[in-house]
Every structure is written in C-alpha cells, then in structure tokens.
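Here are some notes for a colleague who is opening this model for the first time. Please read them with the structure in view.

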Amino acid sequence: MSDGFFLLEELYEAQRAEGALAGGEFAAFTSRSPDKATENEDTVGWMPISNTVGVLVVADGAGGMPAGAHASKLAVRSLFETLLTSNHDTLLDAVIAGIGRANLDVIDEYGGAATTMTTLLVEDDTVRALQVGDSEALLTGQRGKLRYRTTPHSPTGYAIEAGYLDEYIALFHPERHLVSNFVGTIDMTIEVGPSVSMRPLDTLVVASDGLTDNLFRDEVIELARKGPLLEAREQLVGTAQERMLTPLSGCPSKPDDLSLVVFRRRRKSRR
C-alpha cells in the first residue's frame, strides 16, 4: 500500500495539481462557483498504491445542506485512511469498505450533511468506477469513441439511461439538480461498475456537476481527448467557466463548484 494520499483542499482559491499515477498521468482542478462568496464544497483526491495502481476521487458536497464542504473532505479522507490500514484481500474490497466507513463518518460527524463521491480504481490496464451520487466518469478512446460512462444517481440520469430523456432535454430539465444517492445517508448504496480495459492514450475524466451541467457529453469527450493532458484540462475548465459566466443560446449554463480529474495512460514503449 501507499504511505500517503493527496487532496486539493483550498476552500476559496482555484487549485491545480498534476503528476504520475498508475502507469499514466493525471491533471486535477477544483474551484468554487463564480457566483458565490462561500467555500468550495467539492473535494478532489488521489492516492498512489503502486507503480501501476492508483485511486482517483471526486466528491461534491450537497448544496443546501449544512457542512457540505466538510462532508466531502471527510468522506475522501475516510476512504483513503481505510486504504492505508486495510487488510482486505483485494483493493476493490478495501475501497468498498472505505466508502462504507466514509458514510458512517459523515453521519456521525456532520449529521444532516451529505456528499456525492465517485471513486476510480485504476489497476494496470483497467479502470473500475464506484459511484455514489451524480459526479460522472467517462472513458474515451484517442479518436473520441465513448468506451464507458457512469450513470448519475438522479431522476434525470436514470431517465436518460432508460431512454425516456435525451441528453439535451435533460440538461435543461427543472429537476436536473435532484440527486437520489449520497454519502452521509442511512440508505446510501454503492454502484460498483465493471472492470473496463484501458488502452494506451485512452483518456479518463471524472468530474463534479460543475462540468457536466455546463458541457454536453460530446464536448467533454472532444476537449479531453485532444492535445497534451494539461491543455485538455484547461480547455475543459475554461469552457465550463465561460458557460457559467456567459450563457449562450442553446447551451447549458449553471454556475457551480467545478472539480475534475483527467487521466491518460502512457503510450507503451517499443523495444
């Protein structure tokens, strides 16, 4: 196991981080909503386990509830602290246990607060998402083919998955803000996604709804897959922030805390 983990914890200023993780490179970002003076309720975290294994997390404290920022940070810390001391047989079991501990810790420490938490377990050439809430993750190939995405735990997310709503209508739906599953609630559930193969130069994105409520999914894919990783991060951040500040006809616009991690596998060297 790793001997450490990392969080972007600044509550009032935009924060960026980048580095090597799990046989690839990541670039992270978080900032509070441009229309508020209160603290950022999102938390971004990452934990290297070995040279080829790592964990990425985005948590979005529930707006309108007390201590949303504290709930998201506590949840991510509880998960990572569980991984540091875990004696589970597999890392997947340890992550599931860590999310369970995070749920109990948030209930005990901040009763009434809640947070989403989407956790990505990157192992060798695979990725698996464990999702609670509506912070989304997607995997795209180098040419823009959507290879995997999570389903938001929300009425509109389930309606899209069932074919009752298309993405365009859902982005403007009056109930878009509703979320049906949170860390910090007695009825929390963990959706354990499949293990999905990652090819060299595949790009993985996990983000709070500050990104996915302001960009269409195809836009996220196009901006994430192109160019160097740091440029991809800045394109995603810049486009989402511009939408928040300057609404355009036919485009979504919802000021919100914005957090994301972009991860890309390295190209395998040839001998």
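Which residue takes a positive phi in the hairpin of S2 and S3?

1. This is a predicted model, in which local features need pLDDT of at least 70 and side-chain atom pairs count only at pLDDT 80 or more, while totals for chains, interfaces and linings use all residues. Residues are numbered from 1 along each chain as its sequence is written, and side-chain values use heavy atoms, with hydrogens and water left out.

2. The residue in question is alanine 22, with a phi near 50°, in a hairpin that has two residues between its strands. Helices (H or I, at least four residues) and strands (E, at least two) are DSSP runs numbered from the N terminus, and two strands pair if DSSP finds at least two bridges between them. Strands S2 (residues 15-21) and S3 (residues 24-31) pair in the antiparallel sense over seven bridges, with leucine 21 opposite glycine 24. Alanine 22 counts as buried because its relative accessibility is 3%, where buried means under 20% relative accessible area, exposed over 50%, and partly exposed in between (1.4 Å probe, protein chains only).

3. A positive phi is also found at aspartate 124, near 55°, in the loop between S6 and S7. Aspartate 124 has 43% relative accessibility and therefore counts as partly exposed. Most residues other than glycine have a negative phi.

4. The end C-alpha atoms of helix H1 (residues 68-85) are 26 Å apart, which agrees with the 26 Å that its 18 residues should span at 1.5 Å a residue; the expected span is 1.5 Å times one less than the number of residues. Its buried residues, including Ala69, Val76 and Leu79, pack against strands S1, S4, S5 and S6 and helix H2.

5. A nonpolar core is a set of buried Ala, Val, Leu, Ile, Met, Phe, Trp, Tyr and Cys residues joined through side-chain atoms within 4.5 Å. The largest one has 28 residues, and Phe80, Leu83 and Met117 have the most contacts inside it. H2 gives the largest share of this core, seven residues. Phenylalanine 80 touches, among others, Phe6, Trp46 and Val57, where contact means heavy atoms within 4.5 Å.

6. Aspartate 60, in strand S5, is buried yet has no salt bridge, and the nearest side chain of opposite charge, lysine 254, is 7.1 Å away. A salt bridge is a side-chain nitrogen of Lys or Arg within 4 Å of a carboxyl oxygen of Asp or Glu; Lys and Arg count as positive and Asp and Glu as negative, with His and the chain ends not counted. Among the residues that aspartate 60 touches are Asp42, Ser72 and Asp209.

Key:
Lists of a residue's contacts leave out its neighbours within four places in sequence.
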